[in-house]
Amino acid sequence: FLKVNMNFIINLLFMLIAGVDEVGRGALAGPVIAAAVILNDDIEGLNDSKKLTEKKRNTLFKIIKNTALSLAIGIKWNDYIDNVNIKIASEDAMIDAINNLSHKPDKVMVDGFSLDISIPNEGIIKGDQKIKSIMAASIIAKVTRDEIMRSFHYIYPMYGFDKNKGYGTKQHYNALKEYSYTSIHRETFKPISSMINK
């Protein structure tokens with residue numbers, strides 16, 4: 001059998017394919033953000049957002065926004081995450097992103113796992129390294145979340161949100177010990193949960 005490009009097969013079988021990914025799942029602070037993207041043209045240089053430099057991500061972010069047939073985001077804040085749990089919050093953010101698209105997709109390709117929605121969808125393990133629309137979604141989600149966390153740096157400069165984006169770095173942990181937690185920290189995540197229960 002001839003080796004056929006997976007993206008070509010997907011585009012051949014379905015008319016509108018939305019790629020979906022989320023970012024911020026493991027952070028101690030801030031929201032989890034999902035993006036859904038229906039690409040219109042092939043974009044050179046797409047990759048998993050984590051494998052790209054910040055400069056390259058920002059360049060691709062602009063290209064995707066300018067050329068995609070449709071894109072949308074879903075945001076679930078830390079209070080929502082604490083109320084339900086991070087798994088449900090991540091799924092709900094993805095569903096919101098899909099529902100916010102201006103064009104209803106014929107199929108949805110999700111990084112990691114399938115969703116409980118009426119639209120046919122498929123979870124692809126390491127989809128952000130295989131499917132271009134998922135790569136695009138990962139870039140949109142990450143750049144959007146990074147900008148939000150960067151803005152929180154000006155409110156809470158001691159935590160280093162401009163660099164760690166809410167993830168657990170040494171500076172972040174030290175700031176939690178010295179200043180306690182903020183209104184954007186996830187109270188069900190350690191070490192914040194143990195600080196609350198003291």
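This is a predicted model: local features need pLDDT of at least 70, side-chain atom pairs count only at pLDDT 80 or more; totals for chains, interfaces and linings use all residues.
Residues are numbered from 1 along each chain as its sequence is written, and side-chain values use heavy atoms, with hydrogens and water left out.

Helices (H or I, at least four residues) and strands (E, at least two) are DSSP runs numbered from the N terminus. The 14 residues of H4 reach 20 Å from the first C-alpha to the last, close to the 20 Å expected at 1.5 Å a residue, the expected span being 1.5 Å times one less than the number of residues. Within H4, Ile86, Ala89, Ser90, Glu91, Ala93, Met94, Ala97 and Ile98 are buried, where buried means under 20% relative accessible area, exposed over 50%, and partly exposed in between (1.4 Å probe, protein chains only). The buried residues of H4 pack against E1, E2, E3, helix H3 (78–84) and E4, a contact being defined by heavy atoms within 4.5 Å.

Among these elements, E2 is mostly covered, 7 of its 7 residues being buried. Burial extends to both faces of E2, with Val32, Ala34, Ala36 and Ile38 on one side and Ile33, Ala35 and Val37 on the other. Pairing between strands requires that DSSP find at least two bridges between them; E1 and E2 pair in the antiparallel sense over 5 bridges, and E2 pairs with strand E3 (residues 70–76), again in the antiparallel sense, over 7 bridges. Val37 of E2 stands opposite Gly19, and Val37 also stands opposite Leu71 in E3.

A nonpolar core is a set of buried Ala, Val, Leu, Ile, Met, Phe, Trp, Tyr and Cys residues joined through side-chain atoms within 4.5 Å. The largest such core comprises 50 residues, of which Leu46, Ile64, Ile139 and Phe161 touch the most other members. At least two residues of this core are supplied by each of strand E1 (17–23), strand E2 (32–38), helix H2 (54–67), helix H4 (86–99), strand E4 (107–111), helix H5 (132–153) and helix H7 (170–179). The greatest contribution to this core comes from H5, with 10 residues. Apart from this core lies another, of 5 residues, among them Ile17, Met109, Ile124 and Ile131. H5 itself has 22 residues and spans 32 Å from its first C-alpha to its last, close to the 32 Å expected at 1.5 Å a residue, and 19 of its 22 residues are buried. Leaving aside neighbours within four places in sequence, Leu46 is in contact with Leu39, Leu60, Ile64, Lys132, Met135, Ala136 and Ile139.

Ser49, placed in the loop between E2 and H2, is buried, with a relative accessible area of 4%. When residues up to four places away in sequence are not counted, Ser49 touches Arg57, Ser138, Ile139 and Lys142.

The structure holds 11 salt bridges, each defined as a side-chain nitrogen of Lys or Arg within 4 Å of a carboxyl oxygen of Asp or Glu. One of them joins Asp42 to Lys132, with the closest N and O atoms 2.9 Å apart. This pair links distant parts of the chain, Asp42 being in the loop between E2 and H2 and Lys132 in helix H5, 90 residues apart. Asp42 counts as exposed at 55% relative accessibility, whereas Lys132 is partly exposed, with a relative accessible area of 24%.

A further salt bridge is formed by Asp48 and Lys50, whose closest N and O atoms are 3.4 Å apart; Asp48 is buried, with a relative accessible area of 2%, while Lys50 counts as exposed at 61% relative accessibility. The side chains of Lys50 and Asp128 also meet in a salt bridge (3.5 Å, N to O). Because Asp128 lies in the loop between strand E5 (121–124) and H5, and Lys50 in the loop between E2 and H2, this pair ties together parts that are 78 residues apart in sequence. Asp128 counts as buried, at 5% relative accessibility. Through salt bridges that share partners, Asp48, Lys50 and Asp128 are joined into one network.
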